Amino acid sequence: MRDLQSRLVVAVRRYWYLLIIAALILAWLVGKYREMPLLFWQFTVDGIRLGFVYALIALGYTMVYGIVRLINFAHGDVFMVGAYTAFYATTRYQWGFLPAMALAIVVCTFLAVVIERMAYKPLRDAPRIAALITAVGVSFFLEYFTALDFVFTPNFINYTPLPLTVTTWRVRGVTISNIMLLIIAVTMVCMFVLWFIVYRTKLGKAMRAVAWDKDTARLMGINVDMVITATFAIGSALAAIGGVLYVVTYPQIRTFLGVMPGLKAFIAAVFGGIGSIPGAFIGSLVIGMVEILAQGYLSSPMRDAIVFSVLIIVLLYRPTGLFGEASKEKA
Amino acid sequence: MGRSKFRLLGQSWLFWVAVILVFLAAQWVLMPRLTEFRRTAWVMFPSIMAIICLGLNFIYGFNGQFSLGQWGFYAIGAYASAVMTYRLKDQFTYPIEGLVFNTPPLLQRLIPLEQIDLFHFDLGQSGLLLAATLFGALLAAVISLGFGYIVLLRLGSDYFGIATLGFTVIVQTLLINSDRVIPETKGARGMVGIPQLTSFFWAFVFLVLAIVVIRNVLYSSVGRAVVSVREDELAARAMGIDTLKYKTIAFVIGSFFAGLAGALYAHLYAFLSPIYFGFVKSFDPMIIIVFGGLGNLTGTLLATFIWAITLEGMRIWLPQGFEAWRFVVYPIVLLLMMLLRPQGLMGKLELGFLRAPKWPQRATSKAEAPTAEARRETPEPQEAVQ
Amino acid sequence: MSQDTAQGPVVLDVQGLAKNFGGRLTTQGYEGGLWAVRDFDMTVSEGELVGLIGPNGAGKTTVFNMISGLISVTDGVVTFQDQSLVGKRPHAITQAGIGRTFQNIRLFPQLTVLDNVRIALHPHCGYGLLHSVWQGGRFATCEREVTEQAQDLLAIFDLQDRQDEIGSSLPYGEQRRLEIARALAAEPKLLLLDEPAAGMNPQEVHALMDLIQFIREKFDLTIVLIEHQMRVVMGICEWITVMDFGQVIARGTADDVSNDPKVIEAYLGRQGRGVGSS
């Protein structure tokens, strides 16, 4: 207890100006709440919903980075493919919602495995920039290939009819929809499954080992290639689910759909500490909240600028993100 | 005897004569043979792109700092200079008639023009362009100094890259909303009415300037310090190099040229849209320099022109109705390039005056320090020879 | 603790140096974490050649890193020629007159031998950004001076024929010499050598010993040496500081130290014998 107390004292001495700023922001938020409590709660609810969707995408980024130190820029586009798959399955072929989601998962997982084997694996030992440029290339390819007329077309598409009937309720004045509950439920299930895989199965143990030290893991008899591919697959499955849920919430699809959410989810993963799974989740919630609050209270068009400014400021003080490895001093 | 001592910006008179000849050849022999569209897309645009890519290569290829922020400085340079010329365009005209003469019959095969205009330009407008370009470049440099110093102080490599990415997005968002503060920019609708002042002359001049300046800095003590940061930052610090200072210098220089290029770009197409300056396009310079070879000036130049011409050229070469495929072919080529030759087109090889200057060995006294080889040659134990 | 024979003005004075990794800062000081170095004292006088030894992980390189500024100092005082070094940035410390080499040779891998040395001469080069661009007379003169200085230095170490080769392509022994040459380019007063004999065969080691004494004479240096090879330490060091678990356990001449039971215990465990002989 004494220890905690003295740590607090030191933290306050060092970061007093930050605390003042935080207090001001808190006071402002409280003011906004008092002004229009319903609006505040509505924003909170929307922010959480958005945060959960970002979390599904961010997990994929963080897992892949943790295991191969690659920022998979194509991840956002896999998300887009998942969305399109579900869309075509339900509207053109009259599939149900759940089967459509399952199909999206299958398609995206398959796509991710193909990408990993063909584009990323050969560059595993090449300089990191080559792998990064390759990821960018894959991203461009997915965006433009799907925009071709015979694939998905470059047009904006409205997702009607939605595969679910949307029902909304007003709870104490705040609008909540069944979609939002679905998002929260699905995401929590996914997080649980992910936790289970990573911490309670052999595959998960192998994943953690490879993330720690790839070569030693190989020497211990782990099939590193399999593990890496599995990681990509799991991440993409999550992205597929995220894609389906996203277009059900914001029913407008286009081939560049994945760019901004992908970027924001990536930012969320960095914010929470890239490579850390709880970090990706918490980071996504925070980024989702900041985005909705900024959009609602400050300025809708400046929303992205505010989100990125917040990111940069946080990075300046905690360069490795909230849950990232503390910066090591080199010997 | 002996070589002439004339040096301008470190290069001999021969070099500058060659530069002038290249300019004349391009202006009179090449350009007249190209359509207006191709002149812009195949010669002038790549020249401008090359400037920003050289700057980025300086920051990333030579200094080792991964930055996606140059695109943001490109935007700043573009808009800043555009606003300036938009407001002043009618106040500065001073046409100069220059010399007009008929092409001598001997040269008519080579120069497909009937008349040659020499020194026919508008002094006022050219001066305006020059001023606006410098304004854009300096503004970019100043902002980069502030941003770069604060961020470089705290963040290394990957995270620095992410912060610069954030910078580009922030700049774009601000530009989309800029019409509230500067109505001429018309925000997201795009700015029109920019005088089309970029001529081949200016694009060429600034490109040559960028090449020579960056090459000169590179092959100097400052350049060596900059490169040492990339090689081994810790060792560089231990050898007395203030790595923060040189990272900032590299960042500012690269951003200066990005702003410069942006100003030229704005006055080339006479239209600016913030959508162009977004996250997706911000990878273009990075792709180009990796394609040409990181840390390689020749590669950057080649790669920029190949990239621009191929991307545009595909519009022509691909069969009718397949033009959209060029954006599919492009990433495929990129992927193949990374798989087959990750070190880029030129790898480490530089050409011509872009090569590092060689210093001849000096005839000095024999080695004094005791070495293992020397010991082996003299089997008996001996004292250290002084 | 002072030595018996103080030879001249004190060049480096380290008192109470300490380094904590990973502990949390509280109002009572650091809690937890690992004390890599604690209560480290060392005083070096001008022109001395002293050794710093100890088992692996004893904290020797950490001491070097703190002196040269690459790692922050948790506690203690480091004084170099009457200037305090604590809190100074590494490049400022080097420019003040301390040079060093590294345990795992840290050359600039893709640069030529000549450039490796010329970089160390940069702080003394005499021109800045403006002249780099303009490249007029001042540039030409300074470049020639810097290059000639570098070439002279390389010649002393018999590396002049290699000047245009890439540093990392040199054989190991020559890389070591290059690293030392580079450290000397900055004209240091104090040179910190971190395991210079690592990976060398006995012949090379003997040549290194000669080399170290040679550079001490020629460049008028004070040298502190970390080394595991006892032959080197016992052979050339005038006096030795021994560390274990971050603290000084013994100090003295080679003879004193090799018979000190604490030192023997540190290296060989409780039942060990005398530590190597020259």
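Helix H6 of chain C is followed by Glu187(C), whose phi is positive, near 50°. Helices (H or I, at least four residues) and strands (E, at least two) are DSSP runs, numbered from the N terminus. The model is predicted, so that local features need pLDDT of at least 70 and side-chain atom pairs count only at pLDDT 80 or more, while totals for chains, interfaces and linings use all residues. Residues are numbered from 1 along each chain as its sequence is written, and chains are lettered from A and ligands numbered from 1 in the order in which they are written.

**Exercise 1.** Determine what span helix H6 (residues 172-185) of chain C should have, and compare it with the distance between its end C-alpha atoms.

*Solution.* The expected span is 1.5 Å times one less than the number of residues. For the 14 residues of H6(C) this gives 20 Å, and because the end C-alpha atoms are 20 Å apart, the two values agree.

**Exercise 2.** Describe the order and the edges of the open sheet of six strands in chain C.

*Solution.* Two strands pair if DSSP finds at least two bridges between them. The order is E8-E9-E10-E5-E11-E12, with mixed pairing. The edge strands, each pairing on one side only, are E8 and E12 (247-252) of chain C. Neighbouring strands are turned by 20° against each other on average, direction ignored. Within this sheet, E5 (residues 49-53) and E10 (residues 222-226) of chain C pair in the parallel sense over four bridges, and the bridge partner of Leu52(C) in E10(C) is Ile226(C).

**Exercise 3.** Identify which strands helix H1 (residues 60-67) of chain C lies across.

*Solution.* H1(C) lies across E5, E8, E9, E10 and E11 (239-244) of chain C, and runs at about 150° to E9(C). Axes are lines fitted to C-alpha atoms, for helices over the stretch in contact, and angles run from 0 to 180 degrees between N-to-C directions.

Technical notes: Contact = placed C-beta atoms within 7 Å.
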